[in-house]
Amino acid sequence: GDAFLARLAHLQEETAWSFHAIDAPSGRRTWWTYPAGERSFTASSYEGAEQSIAAVEAELESGGYVGLLGFSQGAMLAAIVAARASLRESCPLLRFAVICAAAVPKPYEPLLERLRAAPEAAAALPTLHCLSEVDSINPPELGEAVAACFTHPASATLWHGGGHDVPPPRLAAEVLAWMDKAVVADAR
């Protein structure tokens with residue numbers, strides 16, 4: 001949790017938003033594991049994902065949070081939680097998600113496809129997808145595939161050249177302004 005908050009320091013310095021990091025239930029720095037030689041976007045199954053989804057949804061529902069921000073594997077988890085919230089399967093108070101450096105979480109591809117096929121539900125939650133054209137960990141085209149599943153009018157994609165990372169400090173104001181607008185634009 002503390003390492004992720006340090007990565008967000010430039011966002012926290014410029015806003016009244018309060019950020020809180022949720023630790024993975026495994027106690028490790030990963031939300032799930034998958035077979036050796038696989039990646040989150042190629043593995044057909046994950047170990048620990050359902051526990052992580054449940055833990056994040058429980059924290060969101062009990063903690064009074066309005067938004068969710070995830071990076072890398074955490075961004076894939078954020079996309080899953082945001083998709084479930086958009087489909088009204090969880091987190092009724094969640095009002096937006098910021099998804100940074102994600103790829104399609106392969107075992108949850110059917111969930112994202114279901115979201116894409118349900119335009120009214122897909123429009124339920126605004127999302128900001130922060131992607132880098134030079135991300136060498138999660139292919140940016142897979143981040144675009146995730147973004148295409150969320151169709152709220154306030155949803156957007158923010159490109160940066162920082163590689164596999166959250167948006168750099170020069171884009172902090174843009175991310176924070178989007179978060180402010182997303183809360184206002186949320187129609188739920």
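Hi everyone, and thanks for coming. Some ground rules before we look around. Residues are numbered from 1 along each chain as its sequence is written, and side-chain values use heavy atoms, with hydrogens and water left out. Since the model is predicted, local features need pLDDT of at least 70 and side-chain atom pairs count only at pLDDT 80 or more, while totals for chains, interfaces and linings use all residues.

Let's start with the sheet. In what order do the 4 strands stand in the open sheet? The order is β1-β2-β3-β4, and the pairing is parallel. The edges are taken by β1 and β4 (156-160), each with a single partner strand, so one side of each has no neighbour in the sheet. From one strand to the next, the twist averages 15°. As for terms, helices (H or I, at least four residues) and strands (E, at least two) are DSSP runs, numbered from the N terminus. Two strands pair if DSSP finds at least two bridges between them.

Now the pairs one by one. Strand β1, residues 67-71, pairs with β2 in the parallel sense over 5 bridges. Here Phe 71 stands opposite Cys 100 in β2. To get from β1 to β2, the chain passes through helix α4, residues 73-86, and this β-α-β crossover is right-handed. That word has a rule: with the strands pointing away from the viewer, the path from the first strand over the helix to the second runs clockwise. Next, β2 and β3, residues 127-132, are parallel too, with 4 bridges, and Ile 99 stands opposite His 129 in β3. Finally, 5 bridges join β3 to β4, again running parallel. There, Leu 128 has Ala 156 in β4 as its bridge partner. Helix α4 packs on the sheet and touches β1, β2 and β3, and its direction makes about 145° with that of β1. Axes are lines fitted to C-alpha atoms, for helices over the stretch in contact, and angles run from 0 to 180 degrees between N-to-C directions.

Let's look at β2 itself, residues 96-100. How many of its 5 residues are buried? The count is 5 of 5, where buried means under 20% relative accessible area, exposed over 50%, and partly exposed in between (1.4 Å probe, protein chains only). Phe 96, Val 98 and Cys 100 point one way from the strand, and Ala 97 and Ile 99 point the other way.

That brings us to the cores. In soluble globular proteins, nonpolar side chains tend to be buried together. A nonpolar core here is a set of buried Ala, Val, Leu, Ile, Met, Phe, Trp, Tyr and Cys residues joined through side-chain atoms within 4.5 Å. The largest one has 37 residues, and those with the most contacts inside it are Trp 32, Leu 68, Val 81, Leu 94, Ile 99 and Phe 150. At least two core residues come from each of α3 (49-63), α4, β2 and α5. Which helix gives the most to this core? It is α4, with 10 residues. Val 81 has contacts (heavy atoms within 4.5 Å) with residues including Ile 53, Leu 60, Leu 68 and Leu 94, leaving aside residues up to four places away in sequence. There is also a second, separate core of 21 residues, with Cys 100, Val 166, Val 175 and Leu 176 among them.

Most residues other than glycine have a negative phi. Arg 88, in the loop between α4 and β2, has a positive phi near 65°. Ala 101, in the loop between β2 and α5, also has a positive phi, about 65°. Are these residues buried or exposed? Arg 88 is exposed, with a relative accessible area of 55%, whereas Ala 101 is buried at 3%.
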